[in-house]
Amino acid sequence: MKKLTLFFVLMVFGSLYSCKEKPKDDANSPTTSQLKARVNIVPTYQGTPIDFSQSFTTQEGYAISFTKLNIIMTKFKNNDQQLFESAIYKYEDDERLLWEGPGDYSNFSSFTANIGVDSTQNYEDPSARDADDPLFILNSGDMHWGWNTGYIFVMLEGKADTTAAQDGSLASFSYHIGTNQMLRNFTLTDITWSKVNNHLYESNIYLDLYKVFDGDIHDIDIKTDRTSHTNPDQIQLTEKIIDNFINALSKD
């Protein structure tokens with residue numbers, strides 16, 4: 001009888017111990033393989049978030065508005081750690097999202113990335129890529145030249161009133177930047193990642209479009225420099241635009 005009583009006590013004790021709630025930290029802490037990261041582009045104009053319905057003012061006093069902003073970014077990495085191979089940002093599709101996917105944000109307190117596609121991939125057949133590749137022809141869409149080989153790295157379009165009287169007469173501007181010569185890279189340090197949920201962290205890359213025209217490196221007057229499709233006779237203007245564009249990127 002004593003043996004039976006002892007056996008019963010041990011069974012009850014074991015049952016209570018096994019049902020004890022696990023520490024919340026252990027239950028909710030994601031593993032590295034479960035972590036996701038999100039990288040956003042935040043376009044601004046002198047610190048004000050842009051909206052395609054708004055107009056802004058250039059250094060010359062022109063009223064300016066934007067109708068298209070597309071960017072190809074590739075090889076987002078910190079030393080030998082790469083977060084993603086390629087991503088395409090289109091304001092008209094999502095005003096912020098550049099890329100989201102699996103990755104440990106803590107490996108990217110700093111990063112280097114390309115604006116554009118390097119020469120080893122730029123002239124490959126975009127229709128031969130995997131269907132889930134951002135550079136696949138159906139995904140890249142208007143960011144690949146149909147008449148010219150290669151990808152468009154940056155597409156920036158809009159309208160501006162360049163009249164002295166600012167009478168509301170609008171003229172279009174259009175900059176389509178591409179070719180191997182225009183590939184640029186940039187580096188940002190001391191990156192801030194914000195927690196979205198237990199598995200997802202995000203960081204923002206800010207783009208000040210004011211600096212694309214009135215930059216620290218070059219000034220671009222829309223009245224005289226209205227268009228570039230990276231033709232041979234437009235190389236000087238194209239280089240100014242892409243150099244200003246890189247300088248307009250920041251972490252805040």
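This section describes the pockets and salt bridges of a predicted model.

The largest pocket holds about 210 Å³ of space. Its lining consists of Ser86, Ala87, Ile88, Tyr89, Lys90, Asp93, Asp94, Leu97, Leu98, Trp99, Pro134 and Asn139. Two elements give two or more residues to this lining, namely strand S5 (81-90) and strand S6 (97-102). Strand S5 gives the most, with five residues. By class, seven residues of the lining are nonpolar, two are polar and three are charged.

The second largest pocket has a volume of about 160 Å³. Phe111, Asp190, Ile191, Thr192, Ser194, Glu202, Ser203, Asn204, Ile205, Tyr206, Lys251 and Asp252 line the second largest pocket. Here strand S12 (residues 200-208) gives the most to the lining, with five residues. The lining of the second largest pocket divides into four nonpolar, four polar and four charged residues.

Attention now turns to charged side chains. Side chains of opposite charge can pair when their charged atoms come close. In the model, the count comes to ten salt bridges. One of them joins the side chains of Glu100 and Arg38, with an N to O distance of 2.8 Å. This pair links distant parts of the chain, since Glu100 lies in strand S6 and Arg38 in strand S1 (residues 36-45), 62 residues apart. Glu100 has a relative accessibility of 32% and therefore counts as partly exposed, the limits for this class being 20% and 50%.

A salt bridge is also found between Arg184 and Asp243, whose closest N and O atoms are 3.0 Å apart. Asp243 is partly exposed, with a relative accessible area of 23%. Some salt bridges share partners, and in this way Lys36, Arg38, Glu100 and Glu202 are joined into one network. Glu202 is also among the residues that line the second largest pocket.

Another salt bridge is formed by the side chains of Glu124 and Arg129, at 3.3 Å from N to O. Glu124 is partly exposed, with a relative accessible area of 39%. Arg129, at 14% relative accessibility, counts as buried, because buried means under 20%.

Note on methods:
Residues numbered from 1 in each chain as written. Predicted model: local features only at pLDDT ≥ 70, side-chain atom pairs only at ≥ 80, totals over all residues. Heavy atoms only, no water. 1 Å grid on protein atoms, 1.4 Å probe; cavity = no way out; pocket = protein on both sides within 12 Å on 5 of 7 lines; lining within 4 Å. Points joined across faces, edges and corners; volume = space filled by probe spheres on them. Helix = DSSP H or I, 4+ residues; strand = E, 2+ residues; numbered from the N terminus. Nonpolar A, V, L, I, M, F, W, Y, C, P; charged D, E, K, R; others polar. Salt bridge = Lys/Arg side-chain N within 4 Å of Asp/Glu carboxyl O. Buried < 20%, exposed > 50% of the residue type's maximum accessible area, 1.4 Å probe, protein only.
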